[in-house]
Amino acid sequence: MTDPLRADCASCAALCCVVPAFARGADFALDKPAETACPNLADDDRCGIHPVLRERGFPGCTVYDCFGAGQHVTRAVFPGLDRRDRTVLHQVATVFPVVRALQELRWLVRAARALEVPAALAADLADADDELSRRVQGTPEQLRGVPVDVVRARVNPLLTRASEHARRSVRRPRDLRGADLVGAGLAGADLRGASLRGAVLLGADLRRADLRLADVTGADTRGARLEGADLRGTLFLTQAQLDAARGDAATRLEGALLHPAHWAPAA
Ligand code: SF4
C-alpha cells in the first residue's frame, strides 16, 4: 500500500510547481509568482528538467517534501483537479499549505510513536494522530478553518517529551535548539542526543560528527557537510534534510533513509 505521508508525484497535479511563489536565488534560478505554473513544467504535469535540477540552478526543488499533501489535495480534496482551471486553483492554493502542515505533523507524530515512550505519552500521541488524520480528511472549507498554529502548539510538546524520553540515556546532551550554526566547525563533534530542533546548520561542517539520537526536527541542513557522520537513530530526520545536505557513502544511515544520488562516493 502507498504510504499516505510520502510524496507520490505521479498522483499529483504538480501543486508544488504551481501553488507557491519562488524568489530567484541559490535555490531557484528564476522568480515565479504564486498560483502560476513554473515554465519548466511540462503539459503532462512532470518537470521538464527533473534529471538536471541541480545543474540548472533549482536545488530547492530537489529538497522540497510535501509529505503526501500534493496527492491528497489532488485526489481527495479536489477530485479531478486540473491545475489549469484558475478558479479552482485559487481555492487549492488556500488549502494546500494547510494540508501540507497537517501531513508534516502526522509524519512527526508517526516518528514519535515509533520511539519507546511511557504508556501515557503513547496514548496522547495516538490521540494526536487520530485528530490529525481526521482533520486532513476535511472538506476545503473545513481545511481552510484549521487553526494550524493551535494544532501545532498542541502537538509540539508531545514530540518534545518523546524526544526527551528517547534521549534520556545520553549524559548531558548539548542543547542547541534554534542555534545559529551557519558554517560552524563541528567536524568530529560528539552530538549524541543533542537537541538541534530548529537549528540553522547551513553549510555547517559536521563531517564524522556523531549525531546518534540527536533531535533534528526542522533543522535547516542546506549545504551541511555530513561526510562520514553517524546518523543512525537520529530523531525526526527527514529524507529532505539529507537531500539538502552533502554527504558520502561513509555517512551512516538506517531505516528508510537513503543516500541521495548527488552525494559523493566515500573518500
Ligand atoms: S523546476 Fe521542475 S520541479 Fe522545480 S518548480 Fe519547476 S517544474 Fe517543478
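The shell around the ligand comprises seven nonpolar residues, one polar residue and no charged residue, where Ala, Val, Leu, Ile, Met, Phe, Trp, Tyr, Cys and Pro count as nonpolar, Asp, Glu, Lys and Arg as charged, and the others, Gly among them, as polar. The residues that form this shell are C17, C38, N40, L41, C47, I49, F58 and C61, a residue being near the ligand if its C-beta atom, placed from the backbone, lies within 6 Å of it. The model is a predicted one, in which local features need pLDDT of at least 70 and side-chain atom pairs count only at pLDDT 80 or more, whereas totals for chains, interfaces and linings use all residues. Residues are numbered from 1 along each chain as its sequence is written.

The chain is assigned a domain 1 (9-166) and a domain 2 (171-267), with bounds that come from an automatic or database domain assignment. The centres of the two domains, taken over C-alpha atoms, are 23 Å apart. Across the boundary, ten residues of domain 1 are in contact with eleven residues of domain 2, contact meaning that the C-beta atoms of two residues, placed from the backbone, lie within 7 Å. On the side of domain 1 that touches domain 2, α3 (86-113) and α6 (148-166) are the elements that give two or more residues; helices (H or I, at least four residues) and strands (E, at least two) are DSSP runs, numbered from the N terminus. Helix α6 provides the largest share of this side, three residues, and the side as a whole divides into six nonpolar, two polar and two charged residues.

Helix α6 also packs against α4 (residues 119-136), with axes that come within 10 Å and cross at roughly 145 degrees; the axes are lines fitted to C-alpha atoms, for helices over the stretch in contact, and angles run from 0 to 180 degrees between N-to-C directions. The crossing of α4 and α6 is left-handed, a term applied if the near helix is turned anticlockwise from the far one by less than a right angle, with right-handed used if the turn is clockwise. In this contact L121, D124, L125 and A128 of α4 meet V155, L158, R161 and A162 of α6, and the residues involved divide into six nonpolar, no polar and two charged.

Helix α2 (residues 69-77) is largely enclosed by the rest of the structure, because seven of its nine residues are buried, that is, have 20 or more other C-beta atoms within 10 Å of their own, against 12 or fewer for exposed residues and values in between for partly exposed ones, with C-beta atoms placed from the backbone. The buried residues of α2 are A69, G70, Q71, H72, V73, T74 and V77, and their cover includes α3, α4 and α5 (140-144).

Most residues other than glycine have a negative phi. In E35, however, phi is positive, near 60 degrees; E35 lies in the segment before α1 (59-62) and is partly exposed, with 15 C-beta neighbours inside 10 Å. L213, likewise not a glycine, has a positive phi of about 65 degrees, and lies in the loop between α6 and α7 (239-244), where L213 is buried, with 20 other C-beta atoms within 10 Å.

The loop between α6 and α7 also holds A209, which is buried, with 25 other C-beta atoms within 10 Å. Not counting residues up to four places away in sequence, A209 touches L186, A187, G188, A189, L191 and A229. A209 and G228, which are 19 residues apart in sequence, are 7.5 Å apart in space, C-alpha to C-alpha.
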